[in-house]
Amino acid sequence: MATGLEETTLIQKEDSVTDSEWQHVRDRLRETYGEAVFKSWLNPIRFDGISNGQAVLTVPTRFMREWINANYLDTLKRYWNTENKRVYSVNVMVRQEMNKAAESQLADNEVISIVPAAPVVASPVANFTAPSRETEASTAPMSSPLDPRFTFENFVVGKPNELAFAAARRVSESVSIVPGCNPLFLYGGVGLGKTHLMHAVAWHILRTNPERKVMYLSAEKFMYQFIRALRFNQAIAFKEQFRSVDVLMIDDVQFISGKDSTQEEFFHTFNALIDQNKQLIISADRSPSDLEGIEERIRSRLGWGLVADLHATSYELRLGILQTKVEKLRDVFIPPVVLEFLARKITSNIRELEGALNRVVAHATLVGAPVTLESTQDVLKDLLRANDKRISIEDIQKSVAEFFHIKVSDMHSARRSVAVARPRQIAMYISKQLTTRSLPEIGRKFGGKDHTTVMHAVKRIEELMQQDAELKNDVELLKRMLQS
Ligand code: ADP
Ligand code: MG
């Protein structure tokens, strides 16, 4: 019997050499695809060894294997081959033990959720009143679970998110599609409230317009269902499931990028739904035009409706969020000076801000001591340090692109017109100054450029700053802004 076990015994593992080669391949994948894609799809891959010129990799589920084969196989092969000339192909297998479980689930379960359910960690700050309806009962069967805390009532509105909020509100209050808002495309960095807003739309419709059918799915879950349907020749049945849905929301579509036929099919479905007058809400961590690996035709279609940007938080918004959260606390008093301190220091995103507050509250509850500025600084030492120095090349590219009105994707391109090349050089210069990355690392982040290109850019900007006061001001402003 040709079992996976026999295959495993053939594999020779050449100890630490191949392990470090695999580590290099992983590093390059992370650089190429970015942290988000890496975490979701590539990090779970384990390296088992080399067998007959094949690198054997294992993943936890069949779905992942399909997905990796469809999207990342060529790159994996290429990177392995550069590391180790004897490796000319890659074999992705499903890990034995998990395979069994997944198989049996596949057989007796209509829907497998590969999306972790909403976290149920009891958080001292999370004692909001939950909406009364049961999640599973009221949304469509394929929906991912909704977090009861993610309602409009719990969403604090400020300048950075007011457009996204207003649009989401509008869609949730309408009894049909909202003209000019289909699809509604919400985008912004992690932890800025995209998922919160989408769940809020779902909760609001469930409460006020229960006859409207809402479906909320993470992009991975959508893809999972879709690929599965294709495999079992149920593509038509799959599309049928959406027929009765009035509002379809798909979260984090950046995970759908990648060149393959599945993406193509996905967007056919998407088009069909729009043609059938379904309201669509899509979220991503970047704008439609910056969604790399998605065809131009599809990107522009995604941007046809309303594109609403959730901007980086402002001090006021952060403070507002903290204030609303502490109002709900009964047993702990947090002095305003502590809230101001947190709002000033934890600037990365709202998720982290909430986490910081939770820690302060948890600590106070545990030790039974009043919260002070000193105790806060002490409890959050590591977090504060991380927030102090964490400026990523991606942040720099984004800010510089925004400042000069060019696309973030131009930072990775080879276009040479000054309008694009100069901001790119500035971004390289700032990356050298504000991060600890080496020249080759910086080059890689700018679409795989050589370290000499980066060196040249740094020199050039230094020269220009001597000659051109305006450029000098721009660069210094950008630096201050990134460091604030
Ligand atoms: P994203 O999907 O953009 O990564 P989330 O929607 O998951 O971010 O938000 C991260 C956390 O921050 C959630 O706990 C959410 O409730 C909270 N949050 C985000 N924006 C706001 C806001 N404007 N008001 C209150 N809480 C917010
Ligand atoms: Mg989200």
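**Exercise 1. The pair α13 and α15**

In which sense, left-handed or right-handed, does α13 pass α15? Determine the geometry of this helix pair in the predicted model, then describe its contact.

*Solution.* 
Step 1. Locate the helices: α13 covers residues 315-327 and α15 covers residues 350-367.
Step 2. Examine the axes, which come within 11 Å of each other and cross at roughly 40°.
Step 3. Classify the angle. Angles under 35 degrees count as roughly parallel, and 65 to 115 as roughly perpendicular; α13 and α15 are therefore oblique to each other.
Step 4. Assign the hand: the crossing in which α13 passes α15 is right-handed.
Step 5. List the contact residues. On the α13 side they are R318, I321, L322, K325 and V326, and on the α15 side I350, L353, E354 and L357.
Step 6. Sort them by class: the contact of α13 with α15 has six nonpolar and three charged residues, and no polar ones.

**Exercise 2. The two contacts of α19**

Describe how α19 packs against α18 and against α22.

*Solution.* 
Step 1. Begin with α18 (residues 393-403) and α19 (residues 418-434), whose axes come within 9 Å and cross at roughly 145°. The hand of this crossing is right-handed.
Step 2. Identify the residues that meet: α18 supplies I393, I396 and V400, while α19 supplies P423, I426, A427, I430, S431 and L434. By class, the contact of α18 with α19 comprises eight nonpolar residues, one polar residue and no charged residue.
Step 3. Turn to α22 (residues 469-483); the axes of α19 and α22 come within 11 Å and cross at roughly 50°. The two helices are therefore oblique to each other, and α19 passes α22 in a right-handed crossing.
Step 4. The contact of α19 with α22 divides into eight nonpolar, two polar and two charged residues.

**Exercise 3. Backbone exceptions in two loops**

Where do P183 and N277 lie, and what is the backbone geometry at N182 and P183 and at N277?

*Solution.* 
Step 1. Inspect the bond between N182 and P183, which is cis, with omega about 0°. P183 is placed in the loop between α7 (162-173) and β4 (184-187).
Step 2. Inspect N277, a residue other than glycine with a positive phi near 60°. N277 is found in the loop between α11 (261-275) and β7 (279-284).

Methods. Residues numbered from 1 in each chain as written. Chains lettered and ligands numbered in written order. Predicted model: local features only at pLDDT ≥ 70, side-chain atom pairs only at ≥ 80, totals over all residues. Heavy atoms only, no water. Axes fitted to C-alpha atoms, helices over the stretch in contact; angles between N-to-C directions. Helix = DSSP H or I, 4+ residues; strand = E, 2+ residues; numbered from the N terminus. Parallel < 35°, antiparallel > 145°, perpendicular 65-115°, else oblique. Left-handed = near helix turned anticlockwise from the far one by under 90°. Contact = heavy atoms within 4.5 Å. Nonpolar A, V, L, I, M, F, W, Y, C, P; charged D, E, K, R; others polar.
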